[in-house]
Structure formats: C-alpha cells, structure tokens
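Hi,

Here is the structure I promised to pass on.

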Amino acid sequence: MIRKTAAVWAGKATGTLSRISRRGGGTTLPGDVARMIDPKVLTKLAQDLTKGSIVITGTNGKTTTARLVTWLLEGAGYKVVSNRAGANLIFGATAAALDKAGPDGKLRADWGVFEIDEASIPKAIEEIKPQAVLVLNLFRDQLDRYGELESIAKKIEQALTELPSDSTAILNADDPRVAEIGLGLPKPPLWYGLDDTTVAAHELPHAADARTCPKCGASLNFEAVYVGHDGVYECPNHDFKRPTPQITAKNIKLPSFYRFEADIEDTRVEVQLGGLYNCYNVLAAFVAARALGLDPAYIAERLKNFRAAFGRQERVEFRGRILNLVLSKNPAGFNETLTTAVELAKGENFLIGLNDRKADGTDVSWIWDVDFEVLKTKAKTVVPAGNRAHDMAVRLKYAEVDATQPETEPGKALDLLIKTTNEGDIAHVLCTYTAMLDLRAELVRRGWAKPYWET
C-alpha cells in the first residue's frame, strides 16, 4: 500500500509540473514515473474500481468510441476514469488512473474506460483485467511499429484468451481480420455490424487490406463494402464468412457532415457526428454500453448531445473561417475522411498535414494508397503541411490536384490557408497524429483553441 501511494503521489506531482511548465498535459509521463516506483500500480488502481473497466482497441476510432462510452456512463450517474486525451499506451492508461486517485492512493471511481493501442493490448488485459474488451477494426497502420495485420490479429487473439471467465469480448463482425480473432476464442464474443446495403459499395477499394480467406487463402466475395474492407463477405469455398451480428445498425441516414441517424435495437439513434465510419463508432459504443447494463432508450437520448473529441471532426473558428479538424492516419481512415468531406460536406478547402514521427509511423509511403484523386475536380484550395509536406505535395501532383506550395511550419501553413480562403469559408484539416497536435498547439498559442487535454 505504501509503495502504491508513493507511486500515485510521484505521478500526480509529475503531471502537475508538466502542465505548469506547459511541456505537455501530463497524459503519459506521470504513468512512466509511477510505474518506475510501483510496476503494478495500474493493476492496484484498477482493483479500486467499484464496477470494473472496459478496454477499447482497434486501428481507427478508439478515441471517439471511448469518449462515447464515457459520456454514456457519466450520464447514467457513474464516476468514470478514462485516458480521454488519447494517450493510449499502457503509460497513458496508468497516468489517467493515478490522476483521479486520492492522496491516500485510492482510486475512487466506478468505471474505467481505457482506449489502448493494439500492440499494448496483451499488457493492458494482464494488468487491468477488464469486464469487457471492444475490438473495433484492424487496418494497415504504421507497419514499422506494428508489422502486418495478421501479426497484430494474433497478438490480440492470444490476449483475449487470457480474459477472466466473466469478461466479454465485443467484436466487429464486418472486419474479416477481427472476425478471424473471434472465431478462435474459447468463449463466443458479442458481435456487432452494419445492416444497410443502401449505404454500401459493392467492390473493395484498391487499398483494401483484408481480401482473403484466413482458412484457404481464396479471395473473399463481398456482398457489401462499408468502410475499407469492412462489410459482408464470404469465402467462395465456404471455409469462412462474416459472423452473424447480434446487434446491428439499420436504416442509416447520412444527411450531413455533422450528423447521422440509424436504428439500433429498434431504437432510433441520432448523433452529431458524420460519416459511415462514425456510424461504426457509435454502434460499437452502443453495444458496449448495453453489455455494461445501460438501457437502449437512455443511450439514444444521451447520444443526442454528444460532441466530437479533439481532432475528430472538431470544429474550430479561426479568423473568420471554420476549421474541421479530422485525424487521418492510414489509407483506410484517410479515404473515409476524404470521402466524407467531399461528398457530405461538399468541401472545397483543405489543409493536409503529414508527419513522420514515431507516433505517426516513420514510413509515409502509405500516402500512395490514399485516393487524393477525389480532390482533382472538387478542391479550390489544398495546402500540403507537416514535416513531410513536400512528400504530400508530390503525391498531390501525381493526383493532378492543384495545391499551394508545401509548408512545413504549422503557423505558416495556417497563414497560407487563411490567405487562400475567404471569411465564412469552411476548411477541412486532415492530418496525421503529431501533425494534428502541432497545428492545434499553434491554434492554442494564438488563442483560438483549448489545449487538447482540456477538451
């Protein structure tokens, strides 16, 4: 107990110093410091939770889905601890838990909602021992860090076999790689998926990752394609097919960039988020909330007032313009954010930020699998930004998109966007992770946005 309390005090002091010195939000470093003092501090803090915890993982949508689940639990009167700033390594989850702990080292909360990086899932399950684990999707992302999808899928599958017997795995049936995970588990998972072919394509995009049957290697037949390789699929040799979802989203309407509607468990859900990818996030949060005991009617009513997390369709007013900030960090995600901005928002002005730091992935060759060609006849202004802005400019040139000069400095990139747009215009800022943080930091410095850890 003394060691745990000392770790909590040291971590909390580190977080305070980090924020006072404005070197960060105290979202990760406090966890590093606390774990050096007590390597089991996260396990001990998780044991203090009166109801338990849920862990959320996957390539895309973790932060939004975790915010949704937190929003739903808090509205039901529960005290929730979560790594809401998006620091999703084990150190970030630790920092979030100790930040809410009292001076006696005890965490006084009901639920923990932790978004966890795919590669950190084994450690998270071992230490947190969650009541539920939600796996959203698996897309190609940062190959230099994660390796191929099959490698990550096997790690997650092995970790899920270590879940406590009373825990639930909640899996996206529409993703072939996630389905492969679930079919190998000793306890049947809770499956969810979309069920509305009116919003689906019928051919895989050229950059789709999961195309083949994991049993025989044959090319999967897709009856419907929703996002990336997520859809309704079956092996032509009948060795593998999409599991039947227990909970689905039907009658989906995408009226604008800022809203969608769907029927989930015979309940009409309306959310102030746009795009089919956010339909998946909301459905996942709905299913998770049901697994944690919340009522469908309450969930639908509470979701009406949800607002986007930082950098996830976040709206910022800047010098007479409205900036839509959307994290776009891999081919599947970028293609969806582009499609949503062009087709739903009728977007004409873009700033596209590309960085190659560790949190982004140092290999940026994936930009050649993003369909920037959709901007060719739609965009009036496109500003290539980030420390790999010149690489982005080359990619846009090959897509025959008329872009401005590349700008590597965040402040100058924003100034260039202002110079090439008019007051009242809407601009879509699509960026990799650290490029988003750099641009937001500049907006914060100029007084136009709050620090991300305060949102």
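First, the ground rules. This is a predicted model, so to speak: local features need pLDDT of at least 70, side-chain atom pairs count only at pLDDT 80 or more, and totals for chains, interfaces and linings use all residues. Residues are numbered from 1 along each chain as its sequence is written, and side-chain values use heavy atoms, with hydrogens and water left out.

**The nine-stranded sheet**

Nine strands make an open sheet with mixed pairing, in the order β2-β3-β1-β4-β5-β6-β9-β10-β11. Helices (H or I, at least four residues) and strands (E, at least two) are DSSP runs, numbered from the N terminus, and two strands pair if DSSP finds at least two bridges between them. At the edges are β2 (80–82) and β11 (267–271), each pairing on one side only. From one strand to the next, the twist averages 20 degrees; axes are lines fitted to C-alpha atoms, for helices over the stretch in contact, and angles run from 0 to 180 degrees between N-to-C directions.

Strand β1 (residues 52–57) pairs with β3 in the parallel sense over five bridges, and Val 55 stands opposite Phe 114 in β3.

Strand β6 (residues 190–194) deserves a look. Five of its five residues are buried, where buried means under 20% relative accessible area, exposed over 50% and partly exposed in between (1.4 Å probe, protein chains only). In a regular strand the side chains alternate between the two faces of the sheet. In β6 both faces are covered, with Leu 190, Tyr 192 and Leu 194 on one side and Trp 191 and Gly 193 on the other.

Strand β5 (residues 168–172) is joined to β6 by three bridges and runs parallel to β6; Ile 170 has Leu 190 as its bridge partner. Three bridges also join β6 to β9 (residues 247–256), again parallel, and there Leu 194 is partnered by Ala 249. Between β5 and β6 comes helix α9 (residues 176–183), giving a right-handed β-α-β unit (right-handed if, with the strands pointing away from the viewer, the path from the first strand over the helix to the second runs clockwise).

Helix α10 (residues 276–291) lies across β1, β4 (132–135), β5, β6, β9, β10 (259–264) and β11, at about 150 degrees to β6. Contact here means heavy atoms within 4.5 Å.

**The five-stranded sheet**

Another open, mixed sheet has the order β12-β13-β16-β14-β15. Both β12 (312–318) and β15 (381–385) have a single partner strand, so one side of each is left without a neighbour in the sheet. Six bridges join β12 to β13 (residues 321–327), and these two run antiparallel; Phe 318 has Arg 321 as its bridge partner. Helix α12 (residues 331–344) lies across β12, β13, β14 (349–353) and β16 (426–431), at about 175 degrees to β16.

**Single residues**

Glu 118 sits in the loop between β3 (111–115) and α6 (121–128), and is buried at 3% relative accessible area.

With a disulfide taken as a pair of cysteine sulfur atoms within 2.5 Å, the count is zero. For Cys 213, the nearest cysteine sulfur is that of Cys 235, 3.8 Å away. Cys 213 is buried at 3%, and Cys 279 is buried at 1% relative accessibility.

Cheers
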